[in-house]
Amino acid sequence: MDHLLSVWAWSLAVLQALLVLAAAPLLVGWVRRVKARLQNRKGPPLTQPYRELAKLLTKEALVAHTASPVFRAAPYIVFGATWIATATLPSLATGLPSAAVADVVVLAGFLALARFFLALAGLDVGTAFGGMGSSREMMISALAEPAMLTAVFTITMTAHTTNLSGVMEQLLGAPLALRPSILFALGALALVAIAETGRIPIDNPATHLELTMIHEAMILEYSGRHLALMEWAAQLKLLLYGTLIANVFFPWGVATVLKPSALAFAALALAGKLAVLGVLLALAETTLAKMRLFRAPLFLNLAFLLALLGMFSHVILEVGA
Amino acid sequence: MTHLTLLDQAVFVLAAVVLFTCFALLTQARLVATLRTFAWQGGLVAAVTALMAAAHREPHLYVTAALTLVLKAGVIPWMLHRWVRRLGLDRHVESLASPPAVTLAGVGLVIFCYWVVLPIERMELTATRNVIAVSLAVVVLGLLMMVTRRQAVSQVVGFMAMENGLFLAAVTATSGMPLVVELGVAFDILVAAVLFGVFFLQIRDAIDSLDVDRLNRLAEGMEQE
């Protein structure tokens with residue numbers, strides 16, 4: 001029985017990994033669609049990101065003659081690390097065998113690995129834009145990472161575990177409580193997510209304007225399947241942050257038992273939560289203007305302050321109350 | 001945390017948001033936005049008072065909450081805003097010396113306040129006694145704002161924020177002072193706001209600016225003559 005159960009659990013974990021891979025372009029398509037509607041445009045169909053990926057995958061990958069093996073390996077490493085991070089995050093059910101890896105510190109490590117190789121790839125060919133993009137990305141991430149970790153640690157202090165699956169089970173099991181620390185952590189993590197996934201007001205995902213681009217500048221030299229993997233990794237990262245916010249702060253609906261009905265409900269709940277988050281993101285991107293790059297530290301300073309206040313309100317207000 | 005009622009938990013959430021508005025005040029360079037944040041802070045303190053009234057069945061706190069809402073979220077910000085408009089400072093943007101450093105100093109002060117208040121919190125007070133540390137932090141952050149700003153109007157806002165902190169402590173730790181005292185304090189604050197307005201005009205007439213640093217420089221200049 002135990003043996004069968006573990007086979008079932010493992011196959012679910014694999015299914016979850018494939019599901020996030022398939023769903024990531026859809027989320028981006030949804031955000032683009034809502035944004036287009038808000039701007040009185042008709043917008044591309046929801047399947048447009050899939051078509052773009054399919055087109056890029058069939059095209060020839062051109063590599064600059066100055067490129068080193070790092071440049072060729074980077075797309076696979078970036079894609080692989082982001083995929084593992086997204087796949088192990090408990091998106092449908094807690095307690096899957098892959099959840100043992102879904103530790104916040106490991107998650108941050110995978111993201112850092114992907115970012116490191118992305119920045120290296122930007123520098124590798126030796127063009128001006130690539131280097132500029134890498135340096136900007138490093139500046140943003142150096143400020144965003146402490147804020148993200150502080151925010152996540154605030155939640156783990158409440159749940160007494162750094163395993164995300166454990167955090168969700170803890171929050172689902174506890175009676176409803178208004179916790180200022182979690183409110184602040186949510187704010188901080190939302191700001192970090194915007195900065196890390198390269199959305200307005202930090203970076204604009206829809207433009208190649210040389211003065212402002214960050215993510216696009218680093219992948220400017222890529223083409224064909226390499227570019228497809230880089231784009232897909234970026235879409236996975238958006239899904240990762242969306243799922244993290246949706247499932248850690250609003251864990252209702254996540255399956256705690258591995259029954260098909262509970263899993264189907266969890267998938268529906270997650271789709272609903274991500275759709276709402278996508279609308280909010282599109283709203284924010286439509287109403288805000290992109291910031292000057294030198295204002296980005298202020299934005300991330302706010303995120304860090306929120307995360308710190310979350311930690312303080314946990315220590316000051318919630319412990320011993 | 002979970003043994004408290006939802007109303008008490010809501011008090012905690014609002015108190016934490018009050019602390020956040022303090023940091024917003026510290027780093028806000030635009031004068032009009034500062035006044036708006038200050039009005040929000042007053043509104044939040046009033047909301048905490050109303051919640052305490054509901055949670056602990058203290059009807060007199062409703063009067064206090066209404067008074068706070070009218071005075072601190074309405075009349076005083078409105079009066080300060082009128083002074084700012086009359087002095088032509090609507091679009092004034094203060095040059096802050098290194099907002100991140102001020103924020104970090106504020107964070108350090110919050111930790112210090114927590115440490116100072118620890119013995120008090122062990123005493124048997126109301127369930128929301130943990131808010132005392134936050135209230136003290138609001139007082140100290142108001143003081144920090146008065147120290148770091150050079151504009152007379154924002155110094156006054158810092159002073160008023162300190163009063164908000166004291167009020168928060170009184171309401172959450174001991175379910176409010178006697179109504180007579182509260183009325184007295186409220187009108188003191190109102191009178192202070194009026195007097196500050198007169199001072200603004202006096203300072204402006206004397207040095208043609210509201211930059212308080214120039215008060216020193218003028219005195220030194222006169223000594224040299």
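**View 1. The salt bridge between Glu94(B) and Arg149(B).** In this predicted model, the side chains of Glu94(B) and Arg149(B) form a salt bridge with an N to O distance of 3.1 Å. The pair connects distant parts of the chain, 55 residues apart: Glu94(B) belongs to the loop between α3 and α4 (99-121) of chain B, and Arg149(B) to the loop between α5 (131-148) and α6 of chain B. Glu94(B) is buried, at 8% relative accessible area. Arg149(B) also counts as buried, because its relative accessibility, 2%, falls under 20%.

View 2. Helices α3 (59-86), α6 (152-174) and α7 (179-207) of chain B each give two or more residues to the lining, and the largest share, five residues, comes from α3(B). By class, six lining residues are nonpolar, two polar and three charged. Glu163(B) and Lys72(B) are joined by a salt bridge (2.7 Å, N to O). Glu163(B) lies in helix α6 of chain B and Lys72(B) in helix α3 of chain B, so the pair ties together parts that are 91 residues apart in sequence. Glu163(B) is buried, with 13% relative accessible area, and Lys72(B) counts as buried at 7% relative accessibility.

**View 3. The largest cavity, in chain A elements.** The structure holds three cavities of 30 Å³ or more, the largest with a volume of about 210 Å³. Of the 20 residues that line the largest cavity, Leu118(A), Glu137(A), Glu196(A), His215(A) and Lys237(A) lie nearest its centre. Two or more lining residues come from each of α3 (69-88), α4 (104-124), α5 (128-159), α7 (180-196) and α9 (224-249) of chain A. The lining comprises eleven nonpolar, four polar and five charged residues.

**View 4. The salt bridge between Glu285(A) and Arg199(A).** The closest N and O atoms of this pair are 3.1 Å apart. Glu285(A) is in helix α10 of chain A, whereas Arg199(A) is in the loop between α7 and α8 (215-218) of chain A, 86 residues apart. Glu285(A) counts as buried at 2% relative accessibility, and Arg199(A) counts as buried at 9%.

**View 5. A nonpolar surface patch.** Leu38(A), Val276(A), Val279(A), Leu280(A) and Leu283(A) make a nonpolar surface patch of about 400 Å². Helix α10 (residues 260-287) of chain A gives the largest share, four residues.

How values were computed. Residues are numbered from 1 along each chain as its sequence is written. Chains are lettered from A and ligands numbered from 1 in the order in which they are written. This is a predicted model: local features need pLDDT of at least 70, side-chain atom pairs count only at pLDDT 80 or more; totals for chains, interfaces and linings use all residues. Side-chain values use heavy atoms; hydrogens and water are left out. Patches are made of residues with over 30% relative accessible area and no salt bridge: like charges are joined within 9 Å, nonpolar side chains (Val, Leu, Ile, Met, Phe, Trp, Tyr) within 5 Å. Accessible areas come from the Shrake-Rupley method with a 1.4 Å probe; for residues, only the protein chains shown count as cover. A salt bridge is a side-chain nitrogen of Lys or Arg within 4 Å of a carboxyl oxygen of Asp or Glu. On a 1 Å grid over the protein atoms alone, a cavity is a set of points where a 1.4 Å probe fits but cannot get out, and a pocket is an open set with protein on both sides within 12 Å along at least five of seven lines; lining residues have an atom within 4 Å of a point. Grid points are joined across faces, edges and corners, and a volume is the space filled by probe spheres set on the points. Ala, Val, Leu, Ile, Met, Phe, Trp, Tyr, Cys and Pro count as nonpolar, Asp, Glu, Lys and Arg as charged, and the others, Gly among them, as polar. Buried means under 20% relative accessible area, exposed over 50%, partly exposed in between (1.4 Å probe, protein chains only).
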